[in-house]
Amino acid sequence: MMQPPIILLKEGTDTSQGTPQIISNVNACQAIADAVRTTLGPRGMDKLIVETGGKATISNDGATILKTLDIVHPAAKTLVDIAKSQDAEVGDGTTSVVLLAGEFLKEAKPYIEEHVHPQIIIRAFRKAGCLMVQKIKEISVKIKKDDPNELRVLLENCAATSLSSKLVAAQKDFFSKMVVDAVMILDELLPLNMIGIKKVQGGALEDSMLVDGVAFKKTFSYAGFEMQSKKYSNPKIALLNIELELKAEKENAEVRVNTVQEYQSIVDAEWTILYDKLDTLYKSGAKVVLSKLPIGDVATQYFADRDMFCAGRVPDEDLRRTMKACGGSIQTTVQGLSAGSLGTADLFEEVQVGGERYNVFKGCPQAKTCTIILRGGAEQFMEETERSLHDAIMIVRRAMKNDAVVAGGGAIEMELSRYLRDLSQTIAGKEQLLITALGKALEVIPRQLCDNAGFDATNILNKLRQKHAEGGTWFGVNIMTEDICDNFQAFVWEPSVVKINAITAAIESTCLILSVDETIRNPRAEGGGGPPGAGRGRGRGRPM
Amino acid sequence: MAGTGSIAFDEYGRPFIIVRDQENKTRLTGIEAHKSHILAAKSIANVLKTSLGPKGLDKMLVGPDGDLTITNDGATILSQMDVEHQIAKLMVQLSRSQDDEIGDGTTGVVVLAGALLEQAEQLLDRGIHPIRIADGYEIAAKVAVETLDKISERFEVDLKKPEPLIRLAMTTLGSKIINRCHRQMAEIAVNAILAVADLDRKDVDFELIKVEGKVGGKLEDTMLVKGVVIDKDMSHPQMPKVVKDAKMAILTCPFEPPKPKTKHKLDVTSVEDYHKLREYEISKFESMVQSVKDKGANLVICQWGFDDEANHLLLQKQLPAVRWVGGPEIELIAIATGGRIVPRFEELTPEKLGHAGIVRELTFGTTKERMLVIEECKNSRAVTIFIRGGNKMIVEEAKRSLHDALCVIRNLVRDDRVVFGGGAPEIACSLAVASAADEISTLEQYAVRSFSEALESIPLALAENSGHAPIHTLAEVKSRHVKEKNPRLGIDCLHRGSNDMKEQHVIETLMAKKQQLLLATQLVRMILKIDDVRVPSDGF
């Protein structure tokens, strides 16, 4: 008897299930972890990724690399997502979180192969995750916020730790000061969008500067702009969303002119409308006029005649920052322009930065804001610097809010690893093995730090294990001397929230991937692009 | 190749795709990536090496449309080369950023970066970690910058004594094609800067210096106009060619009856109406011309055009006019003549007129091309350098060379410390870095020593380009540096028989040298830090 095959899904649908599927997912995740593995730590390397369009990105930031890689594997995408979430939540430690998740999965793999039920593994991992977070909270060191000096030292150390793995590591003292200064300027809420980062090509990194106020690039200007003054102290600032240009007041309107005399009056009427606007602005006492929309040549010359400064087509973001900084509000009409809706600043100035000219407002009374002007040799260079500074800023913000810190350089991971090992001895059942495995997985961070620096990882890890067993809580890898040291005393500090978030996210995604045992993927709409031909070796080459 | 993307097989033999289109991407990792980068950077540096120094040679570049560029300016060569390789692109950006910031030394910075990478390659072969090499280079760069500070000398910027400045400009121009009229060009550059410089703020606004070029004549005919030169002529051939004591109305509105911006429609239904319209237009023209005349203007500079009728009317009323003058030029004229730009006729007042001693039209040789020169302006701060030359390439190259010279003088106005050129500072730094290397106890020692060797690449290239035996010459100068403790000794590129660059007046600004070192070191660090490259395969 021939049973006709039962076709349940459309032809070409990819289904795989059971243990092989879990293993396959785990392998995919490890390939991802391998892709960012070498970027970890002060001796980590960068990746150069060229997109199909020819745009090159050079980065050391885990989240950025994964984003640009354009990953399609469904399980592997989970890892990209946790990197993104770490980026959004904490801003730094994106590489570590991917690495940890990859390593957790790797440790879980033998157990899956031996047919331990995934749910048991998940339960054990969850439990261990909670315990680790508790442990971090328990051992993290609180810094008294009351003492401004101490706080500053804390913040600078955290920023420096974050920057040490980046391209700008050589200038980390310079930039960590700048980042802390920038964050200190902000108000209680520490809104990130109040720190503007502008890039000007040319100059060396050390030429970067922090402007206490708002700065933005000179906008497109019309004839007459050069005749305006470029410096005012205590100017009133009008922020507009109006086009100051001779134009048709209404689109699509049509005027029917009957006699020739009327012609002139229409022209005059149009001029009057514009001049009324300009006159109101002049009378309001504003000295600096900024608009999101173009400011035409007539207006430019009008202002030039009356010793006022104007800039049209100011980017929205910059205008908003100016508004928040200088007070006032963005006006959509000049009618009823009162002194209250004008902003003010101590000093307005146009300055030359490299090949560009910048409009700078200093000493803004209202909200606290600042702008970092980055200088650097190449475009990619500055982009990477911006990302690095972003990470550092996020870390400092986090540290301002949570004053607990732990030591970096693999110290906290080693301590957690020891803790889990000790703990597992007291547990009966399968969980004992699983928690030990997790403890082993945590060692990946110090191991990778050593590998990237070209040290003998086994040797260093043995030393670390011994120290931690003796109670040296903060011993971690010392990259400079190829040895171990007390990283808390060496000021390699990270906010504990970074680690808590990383471990929670890694555990969560591990559990998620382990709990999936079937993928059903619809065939691609456009067809083509099947699995690549066999015969290629396993492509996860270790570096060097 | 280390592998193709992240393709992997699971234990059950099924391949899985992780990265989209991974089969189309090339991946280079580890030491291979480094080797490939260094090779790319080295080849870029080798292209430029022969352009370094006063005896450096030029490159001829043919663009996709067949347009020719002949230059020895590093930044220009690289930007025209249209390189494909990512690392090579970084080198191009490096030279551009030196160009943006300093304007000179664009070749030197690329040669230095290439040499640093070449040295790094040897260190990599010995198994030193790339980041430690970069760290060593940073240490060395710091030492070198300190040395530069030490050997720098102050340079008096005095408006009354431009002679030293001219010498300086001559150094920069020495390596350029226009060194035929070396001295003259240098004088022009210095005078231009001095006219514009704001010594209190220590700043020079480049927008006030315009460089115009016109093919024809000789390079020697190049001149500095204390005023504005515009590539326009009088709107009517019969208008006077010279206006003395000109009072200019600078208009940004066209000489025609104003039109409303709102859409409008005028129905002409009868002949009478038509006549009326015509009369209106004529009366409008007349009143416009009259109003300009009444305010005392004897020259009209207009941003827009005006039709033949208005043109004719202007001629009749003896009011010379220039039309279609671009925005930036209008602005320059306004600044130079102290006038105000007027957006409409109603606003014109006598105070808003610009004044110039003389406005004249220049004609060149047998060509019909004309240019307007506005001189003896009220405000002499706007100047124009007017370049003549046998062909377009020469004129363009002269423009670039003068730009370099202008930048150098500006930098000196900003920061008056100088070092001596001809490879002297590099040799001094190299020696200082080499001695610093011996005091470093860690692995970085090797990198620092390599840095000092890389620094020697500049004097080496200089010597080679000027026909000396490079190694022999360098060794000699180096030993004299140590013996005589004289940091001013460099390569005698011009065969003048003296190695003392102070005597030869070969001067470079401290700022430019420092910038070169820092930029090159940072770029090298960036390149060394990359160990993994993914590109679409067709990219190469």
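This is a predicted model: local features need pLDDT of at least 70, side-chain atom pairs count only at pLDDT 80 or more; totals for chains, interfaces and linings use all residues.
**View 1. The contact between chain A and chain B.**
Chain A brings 103 residues to the contact, and chain B brings 89. Together the two chains bury about 8,400 Å². Of that area, 55% lies on carbon and sulfur atoms. The interface also holds five salt bridges. Ten residue pairs across the interface are in polar contact. On the side of chain A that touches chain B, helix α8 (residues 260–283) gives the largest share, with nine residues. Sorted by class, this side of chain A has 48 nonpolar, 30 polar and 25 charged residues.

Then find Lys47(A) and Asp532(B). Their side chains form a salt bridge, at 3.2 Å from N to O. Side chains of opposite charge can pair when their charged atoms come close.

**View 3**
Glu103(A) and Lys106(A) form a salt bridge. Their closest N and O atoms are 3.8 Å apart. Why are the two residues separated by about one helical turn? They sit three residues apart in helix α4 (residues 94–113) of chain A, so about one turn lies between them. Glu103(A) has a relative accessible area of 7%, so this residue is buried. Lys106(A) is partly exposed, because its relative accessibility is 37%. The pair also belongs to a network. Salt bridges with shared partners link Asp34(A), Arg37(A), Glu103(A) and Lys106(A).

**View 2. A salt bridge between two helices of chain B.**
Here the side chains of Glu444(B) and Arg132(B) meet in a salt bridge, 3.5 Å from N to O. Glu444(B) lies in helix α13 (residues 444–455), while Arg132(B) lies in helix α5 (residues 130–151). The pair therefore ties together parts of chain B that are 312 residues apart in sequence.

**View 3. Lys513(B) and Glu508(B).**
These two residues of chain B form a salt bridge. The closest N and O atoms are 3.1 Å apart. Lys513(B) is buried, with a relative accessible area of 6%. Glu508(B) is partly exposed, with 22%. Over all chains, the count of salt bridges comes to 53.

Phe491(A) is not a glycine, yet its phi is positive, near 60°. Where does Phe491(A) sit? Its place is the loop between β20 (483–486) and β21 (493–495) of chain A. Phe491(A) is partly exposed, at 43% relative accessible area. Lys485(B) is also a residue other than glycine with a positive phi, near 50°. Lys485(B) lies in the loop between α15 (470–484) and α16 (501–504) of chain B. With 69% relative accessibility, Lys485(B) counts as exposed.

How values were computed:
Residues are numbered from 1 along each chain as its sequence is written. Chains are lettered from A and ligands numbered from 1 in the order in which they are written. Side-chain values use heavy atoms; hydrogens and water are left out. Contact means heavy atoms within 4.5 Å. Buried area is the accessible area (1.4 Å probe) that two parts lose on being put together, summed over both. A salt bridge is a side-chain nitrogen of Lys or Arg within 4 Å of a carboxyl oxygen of Asp or Glu. A polar contact is a pair of N or O atoms within 3.5 Å; within protein, one must be able to donate a hydrogen and the other to accept it, and residues adjacent in sequence count only if both atoms are side-chain atoms. Helices (H or I, at least four residues) and strands (E, at least two) are DSSP runs, numbered from the N terminus. Ala, Val, Leu, Ile, Met, Phe, Trp, Tyr, Cys and Pro count as nonpolar, Asp, Glu, Lys and Arg as charged, and the others, Gly among them, as polar. Buried means under 20% relative accessible area, exposed over 50%, partly exposed in between (1.4 Å probe, protein chains only).
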